[in-house]
Amino acid sequence: MKERYLAVIAIVSIIIMSAYTSNDPAGYTITELREMYGSGNHALWPKVSLFDEAKEGFQDIGALPEMVFPADNPYSEDKAELGKMLFFDPRLSGSGQISCANCHNPELGWADGSRVSFGHNRQTGTRNAPTLLNIGYAKTLFWDGRVMSLEEQVKSPIENPVEMNLHYRLATKNIRKVKGYRVYFEKAFGSKEVTEDRISRAIATFERTLISPASRFDKFIGGKKNELTDSEVNGLHLFRTKANCINCHNTPYFSDQKFHNLGLTYYGRKYEDLGRYKETLKNEDVGKFKTPTLREVTDNKPYMHNGLFPELANVIMMYNAGMGREIPKANQLNDPKFLHKSPMIVKLNLTDDEVFDIVAFLKTLNSYKYKMRPPELPAQ
């Protein structure tokens, strides 16, 4: 009888322990992981294992630092207010119907929810519109990194014939005609003069104010140990270890801001996009795209540079499989542009439960949803 009792106790203990044990090769329990990650002390976190490609410039994930405004375009409330008006003003477009907010809608996570965006005369682009939330932390802009500052970026969509389709000089002329803008330019810059540079600096200033409030993840790592569920804690640990996510999605911005080939070039096929190569013309850059931020990620589907992945689980399952197969055709065997994906892209052997734990963790990177009412635009 005593032996049977002890056997039952042993079985119950095993069941209880299994409920609180992660699938971590180091053998940490969920309780131990919760204590480490929720301690408020990064030094207590389990160490990560990085590929060589990820080691340079690596910084672990964490809370966002304070936004830094450039010395030649410092923050002012008046400048941000002017930038907000210009951001929502369709008079910067050739049709007079498209504003920056068309592709970066605050109601849609500061993106547009489409696979690729619609622009002038309902033309469609070839790449997915990324969120503008936290864009002030980005070191380069666009999926191929062709622009180095927000001030420089403003001009590109305005002049792009598929997007807003208007020369920046003419767009500036349109704004100059609007008498109601003069008082706002005077407040922001000290005079009523309307210039391309002032428009760029005002919009860039506004965009740098688009910062996420603290997310549940931020609160958890700050010491609120019960902020995340067991599934979310396990997802966080998998993100930094077995799933290899941390190799690209690191730093508080959740992006290394580097360019990687994930095997999604579609070289010689429909949806072909050579990525960063189009800007550098270097064969080694074929198929490389900038790592996107994962903050607010669940509000910014579909995913990847071409928007072909509708849900986060789809993306993680593709990573789990090692992405697609790369088999060159006969005429591509010696083609220097037929490059292979990054060596960091390997099969992960994640279970279904682990995939959904990672998805659960990624949802904790979303902050409180706040709505921004479009401003009343100055009259002619």
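Leaving aside its neighbours within four places in sequence, with which residues is H249 in contact? In this predicted model, the contacts of H249 are I61, F239, F254, S255, T291, P292 and L294. H249 itself is found in the loop that runs between α11 and β1. Its relative accessibility is 12%, and H249 therefore counts as buried.

The unreviewed UniProt entry places a feature called "binding site" at C245, C248 and H249. Of these residues, C245 lies in the loop between α11, which covers 230-240, and β1, which covers 259-261. C245 has a relative accessibility of 18%; because buried means under 20%, C245 counts as buried.

The wider architecture comes next. The chain is divided into two parts: domain 1 is made up of 30-64 and 214-364, whereas domain 2 spans 77-209. Taken over C-alpha atoms, the centres of domain 1 and domain 2 are separated by 29 Å. To the contact between them, domain 1 contributes 25 residues and domain 2 contributes 24 residues.

The size of an interface is often given as the accessible area lost when the parts come together. Between domain 1 and domain 2 the buried area is about 1,900 Å², and carbon and sulfur atoms give 52% of it. On the side of domain 1, the residues that lose the most area to domain 2 are Y253, Q257 and K290, which together account for 24% of what that side buries.

What polar features link the domains? Eight residue pairs are in polar contact between domain 1 and domain 2, counting pairs with both residues at pLDDT 80 or more. Among the secondary-structure elements of domain 1, α12 (277-280) and β2 (288-290) each supply at least two residues of the side that touches domain 2. The interface of domain 1 and domain 2 also holds one salt bridge.

A search of the whole structure finds 17 salt bridges. One of them joins D144 and R127, whose side chains meet at 2.7 Å, N to O. Both D144 and R127 lie in the loop between α4 (77-87) and α5 (150-153), so the pair ties together parts that are 17 residues apart in sequence. D144 has a relative accessibility of 2% and so counts as buried. R127 is likewise buried, with a relative accessible area of 16%.

Each of these two residues has a further partner. R127 forms a salt bridge with D273, in which the closest N and O atoms are 2.8 Å apart. D144 forms one with R146, where the corresponding distance is 3.0 Å. R146 has a relative accessible area of 34% and is partly exposed.

Another salt bridge pairs E151 with R208, their closest N and O atoms being 2.7 Å apart. E151 belongs to helix α5 and R208 to helix α9 (residues 196-208), so this pair ties together parts that are 57 residues apart in sequence. Both E151 and R208 are buried. Returning to the partners described above, salt bridges that share partners join R127, D144, R146, D273 and K278 into one network.

Key: Residues are numbered from 1 along each chain as its sequence is written. This is a predicted model: local features need pLDDT of at least 70, side-chain atom pairs count only at pLDDT 80 or more; totals for chains, interfaces and linings use all residues. Side-chain values use heavy atoms; hydrogens and water are left out. UniProt positions are given in the numbering used here, feature names are shortened, and annotations may be inferred rather than shown by experiment. Helices (H or I, at least four residues) and strands (E, at least two) are DSSP runs, numbered from the N terminus. Buried means under 20% relative accessible area, exposed over 50%, partly exposed in between (1.4 Å probe, protein chains only). Contact means heavy atoms within 4.5 Å. Domain bounds come from an automatic or database domain assignment. Buried area is the accessible area (1.4 Å probe) that two parts lose on being put together, summed over both. A salt bridge is a side-chain nitrogen of Lys or Arg within 4 Å of a carboxyl oxygen of Asp or Glu. A polar contact is a pair of N or O atoms within 3.5 Å; within protein, one must be able to donate a hydrogen and the other to accept it, and residues adjacent in sequence count only if both atoms are side-chain atoms.
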